[in-house]
Amino acid sequence: MDQKILVVYYSLEGNTEFVAKEIGRCTGADLVRLVPEKEIPTSGFGKYFFGGKAALTRSFTHLKPFAENPEEYDTIVIAGPVWAGTYPPAIGTFLNEHRFRGKNVYLAATSKSGNAGKFFRDLEGKLAGNQIRSVLSVTNPLKDQEQAGKEIEAFADSIGGEA
């Protein structure tokens, strides 16, 4: 039986979008991009100040609606950039609004530092009742797409292996 896979992602600068689309391409997953009603600045001081503050204080944001219902999927991949060591507010809002259980969950993080440990630990806490199957941490995927592609393919193969 084929599994239904959903990739839910938030991307500010395109790194996570690249990873999410590659996972989708490799697995045949449906994609949902989380889009805040009001986005933070994409550069300069405001990006780090407002984005970091929102992540550290676990602020929520209003998301634009999307058609997919996570409950209708067997496997959910959650992907996002590491902000101030953790996940961005758009992902927190998504998880508060969609409290699914009993899913196979895969986590993917993009960062400049390669340090996504807290991102994964924080998300695991929010995903109680689901099975975290695997995690992927990709450093600067847009700068080295060939290397990132290899890492993403291996991760996507592990998702396909759960069917």
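Which residues of the largest nonpolar core touch the most other members?

Reply: In this predicted model, the residues that touch the most other members of the largest nonpolar core, a set of 26 residues, are L34, I78 and L123. The elements that each give two or more residues to this core are β1, β3, α3 (89-97), β4 and α4 (117-126), and the largest share, 4 residues, comes from α3. Leaving aside its neighbours within four places in sequence, L123 is in contact with I78, Y87, I91, L95 and L107. A second, separate core holds 18 residues, including V7, F18, V19 and A148.

F18 and V19 are among the buried residues of helix α1, as are N15, T16, A20, E22, I23, G24 and T27. What covers these buried residues includes the strands β1 (5-9), β2 (30-33), β3 (75-81), β4 (104-111) and β5 (131-139), together with helix α5 (145-160). The 13 residues of α1 (residues 15-27) should span 18 Å at 1.5 Å a residue, and the end C-alpha atoms are 19 Å apart, which agrees. Just after α1, G28 takes a positive phi of about 75 degrees.

I159 and Q3 are 156 residues apart along the chain, yet their C-alpha atoms are separated by 9.8 Å.

Notes. Residues are numbered from 1 along each chain as its sequence is written. This is a predicted model: local features need pLDDT of at least 70, side-chain atom pairs count only at pLDDT 80 or more; totals for chains, interfaces and linings use all residues. Side-chain values use heavy atoms; hydrogens and water are left out. The expected span of a helix is 1.5 Å times one less than its number of residues. Buried means under 20% relative accessible area, exposed over 50%, partly exposed in between (1.4 Å probe, protein chains only). Contact means heavy atoms within 4.5 Å. A nonpolar core is a set of buried Ala, Val, Leu, Ile, Met, Phe, Trp, Tyr and Cys residues joined through side-chain atoms within 4.5 Å.
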